[in-house]
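Subject: A structure for you to explore

Hi there,

Here is the structure I promised to pass on to you. Have a look around it first, and then read my notes below.

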Amino acid sequence: MKNLGTLMEKKLTSAFQRTTKNNTGEKMPMKTPAFNKEKIKTEIKENVRRLYRKDLDEASNQEVYQAVALVVKDYVIDAWLKTQKAMEEQDPKIVYYMSMEFLIGRLLGNNMINLKAYKEVKEALDELGFDLENIEDEEPDPALGNGGLGRLAACFLDSLSTLGYAAYGCGIRYRYGMFKQKIEDGNQREVPDDWLKNGYPFELKRSEYEYEVKFGGYVTSEDKGDGRIEFIQKDYSSVMAVPYDMPIVGYGNNVVNSLMIWDAMPKQVFSLESFDKGDYQKAVEDENLARSLVEVLYPNDNHVSGKELRLKQQYFFVSASLQRAIDKFLKGHKDLHDLPKKVTFQMNDTHPTLTVAELMRLLMDEHKMGWDEAWEITTKCVAYTNHTIMSEALEKWPIEIFSRLLPRIYNIVEEINRRFCMDIEKKFPGDNDKKYRMAIISDGQVKMAHLAICAGYSVNGVAALHTEILKKQSLKDFYDMYPEKFNNKTNGITQRRFLLHGNPLLADWVTDHIGPEWITDLSQMKKLAVYADDKKAQQEFMNIKYKNKVRLAKYIKEHNGIEVDPRSIFDVQVKRLHEYKRQLLNILHVMYLYNEMKDHPERDYYPRTFIFGAKAAAGYQIAKLTIKLINNVAAVINNDPSIKGKIKVVFIEDYRVSNAEWIFAAADVSEQISTASKEASGTGNMKFMLNGAITIGTMDGANVEMVQEMGEENAFIFGMSADEVIAHEHNRDYDPMGIFNNDQDIRRVLMQLINGFYSPNDPELFRPLYNSLLNTQSTQYADTYFNLLDFHSYAEARGRIEEAYKDEATWAKMAMLNVANVGKFSSDRTIKEYVDDIWKLDKITVR
C-alpha cells in the first residue's frame, strides 16, 4: 500500500499529543517514553551499515524497514525485560492462551503506537528522506492465522498487555501460513506465503527452551509395587519443539507479554547410518517429520495424511507449551498441586483440547502423580471457548488415527471417557441415549468438544445468542449436566489497531471531540452521541469517510485495475468464505440488481461498489467456485457500458489484516448476512461499526447485541430469526424448488448460473452452485443456509440502504451513532470479563 498521503500520518501522530486523566480525574500529559529523534536517526543509519554494509542512501525500503524494526525492537526489549522481572518479583497468575491461530498483523506500526513512539520515528524517517507508510508496507503480515478465530486471539493478547495481565499466547510458527491467495482468471490459486523470506525482526529464537514431542510407537506398563503403574512409550518418532517469542506490547504501560510460537526441529538432523545402508528416506525421516509439522496452517484434511498432520500439529504445540508452562511454574514454586493458583490454560476452540490429556500425562508420567490428584489439578487449570454452533465443525478424530499417533494420550482419553460415562449414569440413571450422545469416545471417533467440556472448569460462548443456542440446542446435554460451567463472553476487538492505526483521520477527529481516553476505554465513545445531529460534525465525519474511500479506491486501481467511484456506496463483505456466511446470497443479489438495471435503464439507481474479500479453504470446492462466480460477475458488469458504472464489483485478493484496516475505514455498508443461528459472534461486524459503517445483517451472532447498543433504526436488519431457521431445520419444511418455480426474478438469476451468461465458454461451470441451492442431483438438504428464503427480504433491505444514503444528514447520523455506541465491543471489556469471571488474574506493575 503506497502513498497514503502525509495528512493521514500527521493526524495519527497528533493523536499522541493529548492529555489523559489520572485516577482522580485530573487532566495530565500522557506519559511520553524517552524517544529521541536524533538518536533514532543515528540508530537507523548504523543498523543499515551494520546489517547490509551500505550507506542509507543506497538502502532499499526493505533494508530500511529491517533497520527501523531493530530500532523499535531495542525499545521493546527494554520493556520486555522489565515485564519479565516484574513477573518474577510479583508472581502473578498467568493465562496461557492456547490457539492454532494468531492473526497478529504487522507489528512495526502497532508497536510504535503502543510504545507511543510513532511521532518520533515518523519524523526521523521524514528527515532521512523516507516515508513511514512505504516502510511499514515492507513488512509482511505474519502468516500465523487465517480468520476471525486467529484475529480474536491477537486482539485478546493486545488487551491482556494493555490491561496489565500476565499472559502467553501459545501456537505454531507456520513457515508458509495457510496460503497466499492469488486470483488468476477469476480462480483462487494457493501459493506459499513466504513471510519469513527476509527474516522477521520482531521474533526471538529461544533454543534454551526446546522440548521433545513424541508420536506413534506403543505403550508398555510396569507395576512399581507402590500402587502406582508406570507407562512408557516405546519405538516412537519425535521432534524437538523450539520456541520463538514475539512481543505483545501494551499501550503506554511498559507491559510486554509474549506470543510463544513453536518451530519443529529434527532430533537427529541426518542419519548417516541409514544413508550408508542405502535407506535414503530413513536418513532424513526425522527432518521431514519436523518440517511437515510447521509448514502450513490447516493442511487439507480431505485425506488421511491431512488428518494425521492436523492432529500431530495440535499435539505438537500443546505438548511443548505445557512442558514450558510447568517448567516455568517450577522455577518459582515447589508444589505442582498449587498449579491452579498460578496457571490457567484457555483453549481457543477445540484445536487445543489435547491440553486436557497432555496435562494429565505430564502430571502422572513425568511428575509421578496418581490419577485423582492429576485430575483435580487439570480440571482447575483448563477452560474452553466454543466458537461454533454447528456440530459438524466440532472436531472429531477417528480412533484408528488418534490411537496410532498418540497411543499414551489415547489411553488417558479412554480412562477419562470411562469415568465420565459413569458420572453421566449417576446424574441421569438409565438414560443410555444421553450417555451415548455425550460420550467422549463413540461412533469410532474421539470427540474433542466433549473432552473439553468434561474437563474444563469453564465453557463459554462468544455472543449472547450463541451461548443460548449452545445451552438449549447444540450442547444441551452438557448444559443439563454442568450448568455452572456455562457462561457468555461476547467477543471484542482492539480499537488501537482498527481505529488508532487503521483510520488515523477518524481517530484524530474522535480525540479532538472527546479526548484520548477512548484509546484504552472504548466506552468513552458514548460522548460522541451529542454530535450526531450537529451539521458541522456530520460534514467532518463524512469528509473523513470520503478521504478513506479515495485511499481504498487507489488501492483497488493499483491492485485490481478497476476504477471505482469514491462517491458510490461502498458495500463490503470481507471474511472467511463459508456457505453459512452467504457470500453467495450477496452475489446472487448483485446479479438480480444488474438484471433490474438492464431491464429498467430509465430508473435512477444510486452508484454502488460491491467489495468482496475472502479466502476459501484449499479443499472447499463450493467456496472456491463462489469466488470464481464473484469474479466472473465482476468481469461482465464492470465492462458493460450500458449501466454507466452504476454497479462495480471488486474482489480484493489476499484479504489480510493490513488491507483490512483500509477496507474497514472506507466501508459505508457492512455485510453481516449469515444465516441466523449459524454465526457464533463475528468480529468483523465490530470493526466496521467502529469505523462508521452501517450494518446490513441478520439477527445472528453479535449483530443482536450491536443492534441493542446502537438501536435497530441505525442498522438494516432482514431475514429470518434464529428460532425460525431452527424450526425450518427441525420440520424440514423448506422447499427451495417451490420458490424457484414461483418466483420469476429468482428463477432468472439461478438460470444464469447454468446458461452460460457468466461463463459463456463453460455453461456448466457453476452447475454445482445451482445444485446446492435446488438439490436437483442430491439427497442432501437443499439450500442448507436458506439463501432463497431470505432473498427478497435482503433485496428490500438493500433498497432501504439506497434511499437512506441519498440523504447525507440521515446517513451521517446513523454512522456516527454506530461509532458512538461501539464501546461494549472492545476486547478490553471482553478480557476484563474473562479475568473477573474465569481466570482470576491480578495485574502486574511494570516500572
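Arg582 is buried, with a relative accessible area of 0% (buried means under 20% relative accessible area, exposed over 50% and partly exposed in between, using a 1.4 Å probe and protein chains only). You will find Arg582 in the loop between β20 (569-574) and α24 (583-599). Helices (H or I, at least four residues) and strands (E, at least two) are DSSP runs, numbered from the N terminus. Arg582 is not a glycine, yet its phi is positive, at about 65 degrees. Most residues other than glycine have a negative phi. Lys840, in the segment after α35 (827-839), also has a positive phi, about 60 degrees, without being a glycine.

Some background before you go on. This is a predicted model, in which local features need pLDDT of at least 70 and side-chain atom pairs count only at pLDDT 80 or more, while totals for chains, interfaces and linings use all residues. Residues are numbered from 1 along each chain as its sequence is written, and side-chain values use heavy atoms, with hydrogens and water left out.

How confident is the predictor? The chain averages a pLDDT of 93, and 94% of the residues score at least 70; pLDDT is the predictor's confidence in each residue, from 0 to 100. Over residues 1-32, though, the pLDDT is below 50, and this stretch has 80 contacts in the model beyond near neighbours in sequence (contact means heavy atoms within 4.5 Å). Where pLDDT is low, the predicted coordinates should not be read in detail.

Now for the aromatic rings. Rings of Phe, Tyr and Trp (its six-membered ring) pair if their centres lie within 6.5 Å; planes under 30 degrees apart count as stacked, over 60 as edge-to-face and the rest as tilted. The count by this rule is 27 aromatic pairs. One of them joins Phe664 and Phe688, edge-to-face, with 4.7 Å from centre to centre and 90 degrees between the planes. Phe664 belongs to helix α26 (residues 657-666) and Phe688 to helix α27 (residues 684-690), so this pair ties together parts that are 24 residues apart in sequence. Both Phe664 and Phe688 are buried. Elsewhere, Tyr97, Phe156, Tyr834 and Trp839 are linked into a cluster by ring pairs.

The charged end of Arg173 sits over the ring of Tyr244, 3.8 Å from its centre, and Lys615 lies over the face of Phe179, at 5.3 Å from the ring centre. For this, NZ of Lys or CZ of Arg must be within 6 Å of the ring centre and within 35 degrees of the ring normal.

Next, salt bridges: a side-chain nitrogen of Lys or Arg within 4 Å of a carboxyl oxygen of Asp or Glu. The structure has 68 salt bridges. In one of them, Glu230 meets Lys368, with the closest N and O atoms 3.7 Å apart. That pair links distant parts of the chain, 138 residues apart: Glu230 is in strand β10 (residues 229-234), and Lys368 is in the loop between α13 (354-366) and α14 (371-381). Lys368 is partly exposed, at 41% relative accessible area.

Lys380 is partly exposed at 45%, and Glu376 is partly exposed at 42%.

Are Glu802 and Arg608 buried or exposed? Glu802 is buried, and so is Arg608. Their salt bridge has its closest N and O atoms 3.4 Å apart. Glu802 lies in helix α33 (residues 791-806) and Arg608 in strand β21 (residues 608-613), 194 residues apart. There is also a salt-bridge network that links Arg106, Asp137, Asp141, Lys615, Asp654 and Arg656.

What about disulfides? The structure holds zero of them, where a disulfide is a pair of cysteine sulfur atoms within 2.5 Å. For Cys170, the closest cysteine sulfur is 13 Å away, in Cys381, which is too far for a bond. For Cys454, the closest is in Cys421, at 9.1 Å, also too far.

Happy exploring!
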